[in-house]
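Please keep the sequence and the model in view while reading.

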Amino acid sequence: MLITLDDAVTHLRKGDIVALPSETVYGLAGLALNVEAVHKIFAIKERPATNPLIVHTSSLEKAENLCEINNLAKKAAETFWPGPLSLVLPKKDVVPDIVTAGNNTVAIRIPKHPVFLEILKKLGKPLAAPSANPSNRTSPTKAKHIKELFGKASPPTVDGGQAKVGLESTVLDLSGSKPTILRPGMITREELANCLGVDVELLSTTKSSKPCMQEKQLSAPSPGMHQVHYAPKTPMKLYNSIREFRDAQNFGAGDAIIVSEEKIALELRGIGFPKCTCLSVDGCPYTIAQNLYATLIELDAHKTDRMHLIFSGENKGASRAILDRLQRAAKA
């Protein structure tokens with residue numbers, strides 16, 4: 001059911017859950033400081049209690065009511081907020097433990113989407129808003145995807161158009177001694193390092209007490225860290241070249257091929273694979289990110305037997321975030 005912005009505010013004030021548009025992906029929003037509302041989010045998504053939520057607010061001043069803002073956080077916020085960057089910082093007691101999965105830190109961001117921001121301002125309260133999808137499934141980037149993902153159980157939804165970024169936010173942990181990216185996004189490591197004036201580490205290259213979140217009893221410090229995540233219902237195979245795809249020899253008549261750029265599609269057509277879906281003309285990671293989730297959800301709806309995705313991007317810059325999502329999705 002589609003609702004207006006004002007209807008969404010009314011629902012949220014009552015403790016209801018509403019799907020809201022964001023520049024990253026659509027979020028399943030509820031009052032962040034209302035334990036009952038947060039319980040509803042976890043229940044609708046069937047999300048494990050060990051996977052924390054990101055809290056969304058409308059200003060840096062309001063964020064300071066929820067967490068301890070240090071100097072690096074102020075630098076990052078002044079440069080990238082509103083926008084697709086979540087900062088992990090020491091939480092204040094006002095934030096319920098259920099939101100943070102029992103961690104003493106909380107992930108905070110100010111969204112850039114005008115509808116989400118206006119709702120936050122009218123509401124005057126922070127919202128927890130993980131992606132509006134069943135846990136571990138592909139995130140929606142259009143309002144219609146929510147119905148496709150949840151069916152009759154779909155929450156009331158505000159249609160704010162297609163998400164402009166298309167991938168979940170970069171998550172930067174500023175609660176420790178070294179700035180560390182816990183989840184890559186379209187705000188890159190290089191951009192963050194330039195802003196902060198210090199080196200920014202990646203979790204995969206640091207020693208963590210919770211490697212890959214393999215032990216279910218441990219709480220993740222950030223969303224998006226489980227090994228299987230962002231996955232379509234249809235099994236998906238990931239390749240870094242046409243040669244790797246051909247060598248696998250596992251393409252069936254009911255399968256679909258997705259490629260990251262047009263030149264791969266042209267080469268495939270030349271060797272007898274005429275049908276494939278292109279995510280971009282030239283391999284631009286920002287275009288690929290905008291189109292990726294919509295493509296996976298729509299192929300799911302067509303009941304494809306298997307997806308074969310050939311991604312030519314390197315594990316650096318903005319392409320790092322895309323590769324992170326694809327690797328986790330392919331492990332389902």
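## Helix 11 against helix 12

Helix 11 packs on helix 12 (residues 319-329) at about 30 degrees, and the two axes lie 9 Å apart. Angles under 35 degrees count as roughly parallel, so helix 11 is roughly parallel to helix 12. The model is predicted.

Which residues make the contact? Helix 11 supplies Pro285, Ile288, Ala289, Leu292 and Tyr293. Helix 12 supplies Ser319, Ile322, Arg325 and Leu326. The crossing of helix 11 past helix 12 is left-handed.

## Aromatic pairs

How many aromatic pairs does a search of the whole structure find? The search gives 5. One of them joins tyrosine 230 to tyrosine 293. These rings are stacked, with 6.4 Å centre to centre and 15 degrees between the planes. Tyrosine 230 sits in the loop between strand 9 (201-202) and strand 10 (236-239), while tyrosine 293 belongs to helix 11 (residues 285-301), so the pair ties together parts 63 residues apart in sequence. Both tyrosine 230 and tyrosine 293 are buried.

Phenylalanine 245 and phenylalanine 273 form an edge-to-face pair. Their centres are 5.3 Å apart, and their planes make an angle of 70 degrees. This pair also links distant parts of the chain. Phenylalanine 245 is in helix 9 (residues 242-248). Phenylalanine 273 is in the loop between helix 10 (262-270) and strand 12 (277-278), 28 residues apart from its partner. Phenylalanine 245 and phenylalanine 273 are both buried.

## A cluster and a charge over a ring

Phe245 and Phe273 also belong to one aromatic cluster, together with Tyr239 and Phe251.

What lies over the face of tyrosine 230? Arginine 325 does, at 5.1 Å from the ring centre.

## The buried side of helix 6

Helix 6 (residues 114-123) has these buried residues: Val115, Phe116, Leu117, Ile119, Leu120 and Leu123. Where do they pack? Their partners are helix 1 (5-13), strand 1 (18-20), strand 2 (27-31), strand 3 (54-56) and strand 6 (127-128).

Methods:
Residues are numbered from 1 along each chain as its sequence is written. This is a predicted model: local features need pLDDT of at least 70, side-chain atom pairs count only at pLDDT 80 or more; totals for chains, interfaces and linings use all residues. Side-chain values use heavy atoms; hydrogens and water are left out. Rings of Phe, Tyr and Trp (its six-membered ring) pair if their centres lie within 6.5 Å; planes under 30 degrees apart count as stacked, over 60 as edge-to-face and the rest as tilted. Helices (H or I, at least four residues) and strands (E, at least two) are DSSP runs, numbered from the N terminus. Buried means under 20% relative accessible area, exposed over 50%, partly exposed in between (1.4 Å probe, protein chains only). A charge sits over a ring if NZ of Lys or CZ of Arg is within 6 Å of the ring centre and within 35 degrees of the ring normal. Axes are lines fitted to C-alpha atoms, for helices over the stretch in contact, and angles run from 0 to 180 degrees between N-to-C directions. Angles under 35 degrees count as roughly parallel, over 145 as roughly antiparallel, 65 to 115 as roughly perpendicular and the rest as oblique. A crossing is left-handed if the near helix is turned anticlockwise from the far one by less than a right angle, and right-handed if clockwise. Contact means heavy atoms within 4.5 Å.
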